[in-house]
Amino acid sequence: MKAVYPGSFDPITNGHLDIIKRTIKLAGSVTVAVLNNPSKNSLFTVDERVELIKKVTRDMPNVKVESFKGLLVDFMKSQGADVIIRGFRTISDYEYELQMAHINEHLNENVETIFMVAKNGYSYLSSSIVKEIAKFGGSIDDFVPYEVEYTLKQKLNLLK
Ligand code: ADP
């Protein structure tokens with residue numbers, strides 16, 4: 001199986017990193033695919049998001065980081081990949097995730113979506129929450145690696 005873990009990663013959190021590590025255990029390797037979607041209001045550019053993921057996964061074996069535009073199934077094809085990995089946190093993820101899995105199955109029936117249940121301590125963790133806490137000066141060091149914390153504070157002009 002060749003796994004792709006797609007998402008916005010704006011920015012990458014410890015919850016995402018946990019899914020990446022568990023995917024490597026399961027599949028041996030993973031391609032993290034950062035969605036380049038200009039209509040989504042991202043804080044970080046796609047290149048910044050890719051760079052951050054590369055930095056925080058540099059000691060992990062078999063992690064490739066790419067950005068993609070357009071349909072995920074087309075990107076999967078270009079990579080020769082057949083499995084989409086998605087994380088599942090709470091019931092509020094359910095509707096959207098199910099819709100995406102069905103759509104991707106419709107677009108390419110050879111592509112399988114595998115959901116990984118978020119680790120207990122990460123089920124409330126999202127990039128949006130991290131950005132919100134950081135904006136108001138709260139501590140985010142339990143939620144993201146140091147490089148992400150630093151870059152986020154820099155982006156928000158919070159460094160003294
Ligand atoms: P998207 O905009 O595609 O949802 P995200 O970066 O928010 O991009 O999430 C990418 C994937 O990672 C999604 O499947 C999401 O459910 C999952 N995910 C996000 N945060 C966590 C977390 N804390 N634990 C496990 N999975 C997560």
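So, the ligand first: the space it takes is the largest pocket. By pocket I mean an open set of points on a 1 Å grid over the protein atoms alone, where a 1.4 Å probe fits and protein lies on both sides within 12 Å along at least five of seven lines. A molecule sits in one if more than half of its atoms lie within 2 Å of the grid points.

Who lines up around the ligand? Strand E1 (3–7), helix H1 (14–27), strand E4 (83–88) and helix H4 (91–107) each give two or more residues to the shell. Helices here are DSSP runs of H or I with at least four residues, strands are E runs of at least two, and both are numbered from the N terminus.

Quick caveat: this is a predicted model, where local features need pLDDT of at least 70 and side-chain atom pairs count only at pLDDT 80 or more, while totals for chains, interfaces and linings use all residues. Residues are numbered from 1 along each chain as its sequence is written, and side-chain values use heavy atoms, with hydrogens and water left out.

Okay, the shell. There are 17 residues around the ligand, and the closest are Tyr5, Ser8, Lys40, Gly87 and Tyr122; the cut-off is a heavy atom within 4 Å.

Now the polar contacts, meaning pairs of N or O atoms within 3.5 Å. Lys40 puts a polar side-chain atom 2.7 Å from a ligand oxygen. For His16, a side-chain N or O atom is 3.0 Å from an oxygen of the ligand. Arg89 has a polar side-chain atom 3.3 Å from a ligand nitrogen. And how much of the ligand is buried? On its own the ligand exposes 550 Å², and the protein buries 90% of that, by Shrake-Rupley with a 1.4 Å probe.

Next, the loop between E1 and H1. Phe9 is in that loop, and its phi is near 50°, which is positive for a non-glycine residue. Pro11 is in the loop between E1 and H1 too, and the peptide bond from Asp10 to Pro11 is cis, with omega near 0°. For context, most residues other than glycine have a negative phi, and most peptide bonds are trans.

Last, the whole chain: six helices and five strands, running β-α-β-α-β-α-β-α-β-α-α from the N terminus.

Note on methods:
A polar contact is a pair of N or O atoms within 3.5 Å; within protein, one must be able to donate a hydrogen and the other to accept it, and residues adjacent in sequence count only if both atoms are side-chain atoms. On a 1 Å grid over the protein atoms alone, a cavity is a set of points where a 1.4 Å probe fits but cannot get out, and a pocket is an open set with protein on both sides within 12 Å along at least five of seven lines; lining residues have an atom within 4 Å of a point.
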